Amino acid sequence: MTVKFSKEHEWINAADAAAAVVGITVHAQDALGDVVFVDLPEVGKTYSQGEVAGVVESVKAAADVYMPVAGEIVEVNEALRADPSLANSDPLGAGWFFKVKLSDAGQLAELMDETTYSAFAANA
């Protein structure tokens with residue numbers, strides 16, 4: 001699985017450039033605590049890289065969810081909307097936030113691999 005990570009603690013699995021999967025990292029959900037609400041983007045909306053595409057709220061704080069790459073939202077995780085705790089229990093799996101059709105796959109090169117992200121998160 002080719003997963004890349006952003007400095008804002010999102011991950012993206014771009015194995016399918018027509019529907020790359022985006023979510024928040026284990027580090028992000030650890031920092032937030034128990035997630036109680038997610039505001040997911042609208043299907044069909046296009047975002048620039050770094051633009052806020054959603055919000056995740058926990059018992060401790062609220063945080064923006066940023067677009068790791070530019071693209072169009074093609075699907076949102078309705079299961080996550082119904083059960084926000086999936087962001088805690090399975091952040092890299094069932095707790096994904098949305099799928100995006102990439103506008104510029106070259107932007108993936110700007111993101112971190114798992115080793116680089118782990119070191120970055122450890123010092124965050």
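**Entry 1: H9**

I began with H9, which counts as buried at 16% relative accessibility. Buried means under 20% relative accessible area, exposed means over 50%, and partly exposed lies in between (1.4 Å probe, protein chains only). I then looked up the backbone: H9 has a positive phi of about 75 degrees, although H9 is not a glycine. I found H9 in the loop between strand 1 and strand 2 (10-13). Strands (E, at least two residues) and helices (H or I, at least four) are DSSP runs, numbered from the N terminus.

**Entry 2: ground rules**

I note that this is a predicted model: local features need pLDDT of at least 70, side-chain atom pairs count only at pLDDT 80 or more, and totals for chains, interfaces and linings use all residues. Residues are numbered from 1 along each chain as its sequence is written, and side-chain values use heavy atoms, with hydrogens and water left out.

I traced an open sheet of six strands in the order 1-2-3-9-8-5, with antiparallel pairing. Its edge strands are strand 1 (3-5) and strand 5 (46-47), and each pairs on one side only. Two strands pair if DSSP finds at least two bridges between them. I checked strand 5: two bridges join it to strand 8 (residues 71-76), and the strands run antiparallel. Y47 stands opposite G71 of strand 8.

**Entry 3: strands 4, 6 and 7**

Next I followed strand 6 (residues 52-58), which pairs with strand 4 (residues 35-39) in the antiparallel sense over four bridges. Here V35 has S58 in strand 6 as its bridge partner. Strand 6 is also joined to strand 7 (residues 62-66), by five bridges, and this pair runs antiparallel. I saw G54 opposite V65 in strand 7. A hairpin of three residues connects strand 6 to strand 7.

**Entry 4: salt bridges**

How many salt bridges does the whole structure hold? My search found two. A salt bridge is a side-chain nitrogen of Lys or Arg within 4 Å of a carboxyl oxygen of Asp or Glu.

In one, the side chains of K99 and E75 meet at 3.7 Å, N to O. K99 lies in strand 9 (residues 98-102) and E75 in strand 8, so the pair ties together parts 24 residues apart in sequence. E75 is partly exposed, at 35% relative accessible area.

R81 forms a salt bridge with E78, and the closest N and O atoms are 2.9 Å apart. The two residues are three apart in helix 2 (residues 78-82), so about one helical turn separates them. I looked up both accessibilities: R81 is partly exposed at 38%, and E78 is partly exposed at 45%.
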